[in-house]
Amino acid sequence: PDAIRKIIASSCGSYHYLASQSGFYLLDAPTGEVLAYVPEEWGVQNVQELSPGLVLVATMSGVKLYQISR
């Protein structure tokens with residue numbers, strides 16, 4: 001089983017960023033379809049959009065930055 005720790009909407013409204021026990025998910029906002037998934041061994045504790053398309057992902061092993069491109 002997976003546990004959702006945080007879910008936020010992107011500033012453009014097209015995506016949802018989801019932090020979970022299994023990793024980081026990029027979801028299509030209208031459909032909920034998983035567009036991308038990055039597994040994390042110890043899970044993701046927090047996710048925050050720093051600017052449009054620039055996402056900070058906090059894990060137990062460190063912090064990662066992802067650029068979302070269309």
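**Entry 1: S20 and its polar contacts**

I looked up the side chain of S20 and found a polar contact with the side chain of D2, at 3.2 Å. The model is predicted, so I note this as a computed distance. I then checked for a second partner. The side chains of S20 and S22 are joined by a polar contact of 3.1 Å.

**Entry 2: where S20 sits**

Which strand holds S20? I placed S20 in strand β2, which covers residues 15–20. Is S20 buried or exposed? S20 has a relative accessible area of 1%. The cut-off for buried is under 20%, so S20 counts as buried.

I next listed what S20 touches, leaving out residues up to four places away in sequence. Among them are D2, A3, I4 and R5. I also noted Y25, G43 and V44 on that list.

**Entry 3**

I moved on to an open sheet. It has three strands in the order β5-β6-β7, and the pairing is antiparallel. Which strands stand at the edges? They are β5 (44–51) and β7 (62–67). Each has a single partner strand, so one side of each lacks a neighbour in the sheet. Neighbouring strands here are turned by 20 degrees against each other on average, direction ignored.

**Entry 4: β5 against β6**

How many bridges join β5 to β6? I found six, with β6 spanning residues 54–59 and the two strands running antiparallel. The bridge partner of V47 in β6 is V57.

Notes
Residues are numbered from 1 along each chain as its sequence is written. This is a predicted model: local features need pLDDT of at least 70, side-chain atom pairs count only at pLDDT 80 or more; totals for chains, interfaces and linings use all residues. Side-chain values use heavy atoms; hydrogens and water are left out. Helices (H or I, at least four residues) and strands (E, at least two) are DSSP runs, numbered from the N terminus. Buried means under 20% relative accessible area, exposed over 50%, partly exposed in between (1.4 Å probe, protein chains only). A polar contact is a pair of N or O atoms within 3.5 Å; within protein, one must be able to donate a hydrogen and the other to accept it, and residues adjacent in sequence count only if both atoms are side-chain atoms. Contact means heavy atoms within 4.5 Å. Two strands pair if DSSP finds at least two bridges between them. Axes are lines fitted to C-alpha atoms, for helices over the stretch in contact, and angles run from 0 to 180 degrees between N-to-C directions.
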